[in-house]
Amino acid sequence: MSEAPATISRPQRWDVPFESAMGAVAVARILSIPPFSQIDASRFPASTSLPDILLNDTGLRSFKKNQVIVREGDYGNSAFFIITGSVRVALGKDAIPAEVLGRRQPEKKDFLSTLRQLWGNARYPEVRSLRRYKEAKAGAEHEKGDDTTAIFLHDIPSVLKGGTAVLTAGMFFGEIAALSRTPRTATIFAEEDCELLEIRWQGLRELRLRAPEIKQFIDTNYRKYSLENHLRETKYFKDLSPAELKEVANQTRFETYGSFDWHSNYKKNRDVAPEERIKEEPLIAEEGQYANGLVLIRAGFARMSQKYNQGERTASYLSRGQMFGFDEIAHNWNTKDSAPLQYTLRALGYVDVLVVPTSVVEQYILPKIPQASFPPPIVAQNKQINDRRDGELSTDVVEFLVDNRFINGRATMVMDLDRCTRCDDCIRACASAHDNNPRFVRHGHQIGRYMIANACMHCLDPVCMIGCPTGAIHRNALGGQVVINDTTCIGCSTCANSCPYNNIQMVEIRNELGEHILDQENRPVTKAAKCDLCVEQMTGPACVNACPHDALTRVDMQDTQTFAKWLQR
Amino acid sequence: MASTLTFFSQRRLINLGLLLSAVAAFWALQESYANGIRSTGLLSGTALFGTCLVLALFNARKKLPFIPLLKASTWTQFHIYAGWFAVVVFFFHTGLRMPNGLFEIALYSVFLAVALSGVLGLILSRIYPSRLRLYGENLMYERIPSLRQQLQADVEKIIWKSVNETKSFTLARMYESKLKAYFSAKKNTFHHLIGSEKPVNDLTEELNQLQRYMVAAERVFLAEVIECVKAKDNLDMQATCQGVLKYWLFIHIPLTFSLLLMGLLHGLMALAFN
Ligand code: SF4
Ligand code: SF4
């Protein structure tokens, strides 16, 4: 059946608000509560006024006593502000068992709908159902924050493995995960019946940008409530007593290098020679200098390099949760030697680090480490380029991954061109799993026999999400895959322009007759399209499943050992 | 010891072990049949037809990439070793005798053709990918014809420019006599199939020989044309080898279906007449 006429009004940012029930009365009420009441509304442009942000990018949520609000490990796209009542943070990693948290697998197609793809796929490229768009607009379908609406914790003392901390009215939580595009670090549940304001990150970003009060409020909150948590989860810090941890937290410095929107600079400098580009990367610590602090990476990536003849050899890359400088500090304390830093640490784009001063490490941390757990003493190294042990990436591979920022990938498509027969079974499989639209190109940067194909890598830091005004591009709460909600995508191309790897295509959509869908001004309506890692498919990524020659895999670049094993198979 | 083996070598050893065990088990079964009164021909014939049927299912599996039916690469491994098993069973079945009768000869030949095309496909799929990578820029097969046209247009532009700027016709004459044909269609297929670079080396050599008849300015254009010749050679190589990798299945699969059909007929006839 035809769905003509193939016209819809051009989608706009706030066509589908975060919460359709939010109204003028609710907005006025929020604006009367500090810190919102202290914001100077004139700093917001008319197109995104403060009341409009509250109206469209926030939602009121009520939680009953013991109801879970956010779960550790979930990818959240929103932060919360406590209006009334209080919430509890379950401290420590895996503080609440996964079964208790009611973890659900992402919704997959059932067997019948999977089979239906055999004959039910569209005959034309990029076919969309107009009916679905219209229904969504009427029913305000949107990406909710976390899908935890009905999970209650019973018998809390017995399910909790560690301690808890209380957050009360007037505080924010969840903003780090929402803004840094990382998983939630703790489970938070309602201590009593409470009312919260959920703010999707697009709105939160504008609030932080235009209202310094909010930014300051959030940063102070972090130092007060989250820093100790972060430290507690770091290797070697676990055995500190609460008092010691507080002291270490007090003396820890926050440092930020590079810019949050690192992708624009990266794109600009891509053609600069690598040896020149490395010099442009902000220096965090330099080889040969005294290690005056232990550096913990809180967000982003850093390059660890070593002088090598006239240039610098990249030894490895660090990301969230990894540390730098520990071996030197431990060596000096243990042997009364004074070995300087063996490597240079530079920011790759944007890096947020915590620096624990050496004297603090010596006073609180090193005395608690058993001799057997100390890193091996530092000896003068004469490593050759491409020295490689089993399970390690060779230097040229590391350089390649770092230079092209592929280290960001959590599911990077790597192809072995010496096994790939160019049969395109992977592309056909991808197309059949996506209504006959292939979502990647068998083409990309090459190092020797390996190619990183142009397929979304479901990045650790998905910068493509930064500018999306509607939150259409978001992380799947459970698996963390970066996916696009086709209904709320307004086709503005921000994500496609932001992706440093060119892995998003803007496509002109059609109706079932293959006719272009047009807006009121007769311009074709476009949508962003990319690999979704087959989140809905029973098999996982169809490409990997379909390759008959073991030529293709998806790699988490944080797991270098598995990758090295694959390369050396 | 085993830990020093790579994943692929380990897999090869395990699969080979499984294949040998399957052959031994089949041989034992065949022997037990031979000692009894039952027909070994029926046993090996059924086993052979069943194996071929399972082998043919691989093609159906490829059409269902989104159904959880094991990875295609696992199927490939099974396909390779079950294929070898089928060859062994075939020789058990035929007793290494030449067939007689037209239908039997046809069936025998089709089986051999399927088996040989399979082995050839396996060898090519292990040799050609790295040759493709090392030879030159990797290109998408579908884009090769348009790239060839583009390259020819580029060469013609160079020749025009050379004539206009140098007023010398050495290069233009060479283009008319030899290069035009070279650029206008896929060339040297056989040499690319066997991995020989002789034709492109001969041609560049011939072009280099022309230098002595050129003015200095024309030599600059000659160098550009030689680059285009090399690029065209890569296009031909990619088209030939990628084409073979893509289209050998167009021989292997129809032959397999003919084999299944003929095998079925053969089985029915054998049952009817015995
Ligand atoms: S679209 Fe680009 S930036 Fe976004 S997750 Fe995929 S590869 Fe990363
Ligand atoms: S084009 Fe990209 S950035 Fe723009 S709305 Fe769609 S998903 Fe968001």
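Modeller: Helices (H or I, at least four residues) and strands (E, at least two) are DSSP runs, numbered from the N terminus. On that basis chain A has 19 helices and 22 strands. This is a predicted model, in which local features need pLDDT of at least 70 and side-chain atom pairs count only at pLDDT 80 or more, while totals for chains, interfaces and linings use all residues. Residues are numbered from 1 along each chain as its sequence is written, chains are lettered from A and ligands numbered from 1 in the order in which they are written, and side-chain values use heavy atoms, with hydrogens and water left out.

Chain A has 569 residues, and 57% of them are buried. Buried means under 20% relative accessible area, exposed over 50%, partly exposed in between (1.4 Å probe, protein chains only). Contact means heavy atoms within 4.5 Å. Of the chain A contacts between residues at least 6 apart in sequence, 80% join residues at least 24 apart.

Now the ligands. A residue is near a molecule if one of its heavy atoms lies within 4 Å of it. Ligand 1 is surrounded by 13 residues. The closest are A:Cys456, A:Met457, A:Cys459, A:Cys464 and A:Cys499. A:Cys459 counts as buried because its relative accessibility is 9%.

For residue classes, Ala, Val, Leu, Ile, Met, Phe, Trp, Tyr, Cys and Pro count as nonpolar, Asp, Glu, Lys and Arg as charged, and the others, Gly among them, as polar. The shell of ligand 1 then holds ten nonpolar, two polar and one charged.

Ligand 2 has 13 residues around it. Here the closest are A:Cys468, A:Cys489, A:Ile490, A:Cys492 and A:Cys495. A:Cys492 is partly exposed, because its relative accessible area is 39%. Nine residues of the ligand 2 shell are nonpolar and four are polar. None is charged.

What about disulfides? A disulfide is a pair of cysteine sulfur atoms within 2.5 Å. The count over all chains is zero.

Chain A also meets chain B away from this topic. B:Lys71 sits in the loop between helix H2 (40-62) and helix H3 (72-94) of chain B. Leaving aside neighbours within four places in sequence, B:Lys71 is in contact with A:Val544, A:Asn545 and B:Arg61. The C-alpha atoms of B:Lys71 and B:Arg61 are 9.4 Å apart, and the two residues are ten apart along the chain. B:Lys71 is partly exposed, with a relative accessible area of 36%.
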